Amino acid sequence: MATPTVVLLPVWGAGHLTPMLEAGKRLLASGAGGGRALSVTVLVMRPPTEQQASEIEGHIRRAEEEAAAAGLDVRFRRLPAVEPPTDHEGPVEFISRAVELHVPHVRAAVSGLPSVAALVLDLFCTPLIDVARELAVPAYVYFTCNAATLSFFLRLPALLEEVAGEFEEMEGAADIPGLPPVPPLWLPMPVMERARPECAWYAYHGRRFADADGIIVNTATELDRGALSAIAGGRCTRGGPAPALYPIGPVISFPPPAEPPHDCVRWLEAQPPASVVFLCFGSGGFFTAAQAHEVARGLERSGHRFLWVLRGPPAPGSRQPTDANLAELLPDGFLERTRGRGLVWPTAAPQKEILARAAVGGFVTHCGWNSILESLWCGVPMAPWPLYAEQHLNAFALVAAAGAAVAMGVDRRRGNFVEAAELERAVRALMGGGEEGRRARERAAEMKAACRNAVEDGGSSAAALKRLSNDILCRQLPSSSLGTS
């Protein structure tokens with residue numbers, strides 16, 4: 001009889017694809033299920049650009065090599081290309097509509113497999129829950145963000161009914177179960193204009209999450225206890241059943257260090273312990289010259305050592321940052337005045353390797369959830385500078401709930417602008433000897449221990465992973481075969 005396979009359907013962004021692949025490998029390696037074997041089949045949607053397609057193929061090659069070396073049965077199937085939408089207003093709408101166009105291809109691919117144990121969907125792939133129902137296959141959502149954002153997604157449909165106008169204009173704070181009251185300007189970017197399709201798609205996915213057989217969350221119980229308890233207690237789905245939750249994180253992949261070491265890593269090795277503030281803003285973060293000048297002045301006046309990954313604005317027609325032209329983006333003389341205590345890196349850098357270095361004492365981050373997890377894994381406190389997507393809510397939770405960061409004033413009405421004086425203040429608080437920085441360092445150290453304990457044998461995330469594996473296998477009828485639809 002064919003080995004039951006768990007089908008993964010990620011979207012093409014590396015921040016979505018890589019954690020889901022790692023989760024799939026961990027599911028196979030967990031050894032749960034009383035000796036009954038599982039395999040993983042990954043359905044690959046072609047990315048919309050050649051650059052993204054090349055990057056994704058690189059991730060797939062590495063995943064295939066790692067799975068083969070570990071003796072894990074992981075297979076990839078490329079889905080037929082579709083003509084992507086061209087009249088979209090934002091990335092959430094684009095991804096969600098592109099996923100809809102893949103529905104017949106996913107149905108055909110899943111139907112053609114001899115024994116499917118479950119379909120695990122990216123958080124933006126919820127239209128495929130209906131395909132799973134048609135084929136009598138359990139459907140799980142893999143939620144790449146934290147439980148605070150999941151709480152928001154589940155709460156959003158009701159919140160839209162309760163608040164008459166734009167969230168920015170509402171009186172008081174938003175009630176997101178499991179979090180302190182959330183000021184409106186810290187809500188996710190896609191919902192700030194209710195008439196736009198981005199907001200409607202967020203609400204759609206929030207409703208569909210409750211239709212899944214369970215939600216796999218890239219967090220640990222110890223990191224997100226309040227939000228996870230609120231979701232499990234039905235506070236986010238008032239009147240409806242609470243979804244089953246599997247907090248299996250942190251799910252972080254660690255490729256082997258580069259040989260020879262990256263230039264940024266070599267520079268850090270020459271710096272004193274916990275002396276460097278690291279600034280990095282994800283694969284989509286970039287600065288104009290006006291903002292880069294403010295950052296430069298703030299760093300220079302702070303007096304602290306720094307490693308700053310600076311990217312330039314995208315080329316016309318592109319969404320991807322460009323390598324920075326430092327002569328155009330930085331103030332005259334800045335590099336000379338900070339030589340020896342600062343390094344500005346104008347292209348992509350190995351963030352995980354950098355955060356793991358003893359010299360890094362603080363992290364100014366865009367607050368993508370993967371970046372937050374990597375920082376907590378290494379015990380590095382943060383100063384949040386959210387830019388897009390759900391990052392503002394992540395930043396609020398990081399300061400107000402987790403306590404592993406110092407607050408930084410970000411002017412959302414000016415495109416998330418930060419003044420030089422505010423960056424200087426935040427860096428001094430993060431890196432200095434004051435109470436705010438001390439508390440953030442203590443909480444980051446506690447969360448480092450919690451992250452690592454959670455994924456060890458007997459930890460909360462390891463137990464959740466075993467529970468997920470057992471639940472998948474228990475739903476699998478031994479003699480079932482999907483056949484064709």
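Predicted model: local features only at pLDDT ≥ 70, side-chain atom pairs only at ≥ 80, totals over all residues.
Mentor: Residues are numbered from 1 along each chain as its sequence is written, and side-chain values use heavy atoms, with hydrogens and water left out.

Trainee: Is cysteine 236 buried or exposed, and how do you know?

Mentor: Buried means under 20% relative accessible area, exposed over 50%, and partly exposed in between (1.4 Å probe, protein chains only). Cysteine 236 comes in at 5%, so it's buried. Cysteine 378, at 17%, also counts as buried.

Trainee: What makes alanine 463 buried, exposed or partly exposed?

Mentor: Its relative accessibility is 44%, so alanine 463 counts as partly exposed. It lies in helix 18 (residues 460-475); helices here are DSSP runs (H or I, at least four residues), numbered from the N terminus.

Trainee: Where does glutamine 351 fall?

Mentor: Glutamine 351 is in helix 13 (residues 351-355), and its relative accessible area is 12%, so it's buried. Beyond its neighbours within four places in sequence, its contacts (heavy atoms within 4.5 Å) are Phe278, Cys280, Phe363, Ser371 and Glu374.

Trainee: Why are helix 3 and helix 4 called oblique?

Mentor: The axes, lines fitted to C-alpha atoms over the stretch in contact, with angles from 0 to 180 degrees between N-to-C directions, cross at roughly 50 degrees and come within 4 Å. Under 35 degrees is roughly parallel, over 145 roughly antiparallel, 65 to 115 roughly perpendicular, and the rest oblique. So helix 3 and helix 4 are oblique to each other. Val99, Glu100 and Leu101 of helix 3 meet Val103, Pro104 and His105 of helix 4.

Trainee: How is the chain split into domains?

Mentor: Domain 1 is 5-253 + 460-467 and domain 2 is 263-450, with bounds from an automatic or database domain assignment. Their C-alpha centres lie 27 Å apart, and 34 residues of domain 1 are in contact with 28 of domain 2.

Note on methods. Helix = DSSP H or I, 4+ residues; strand = E, 2+ residues; numbered from the N terminus.
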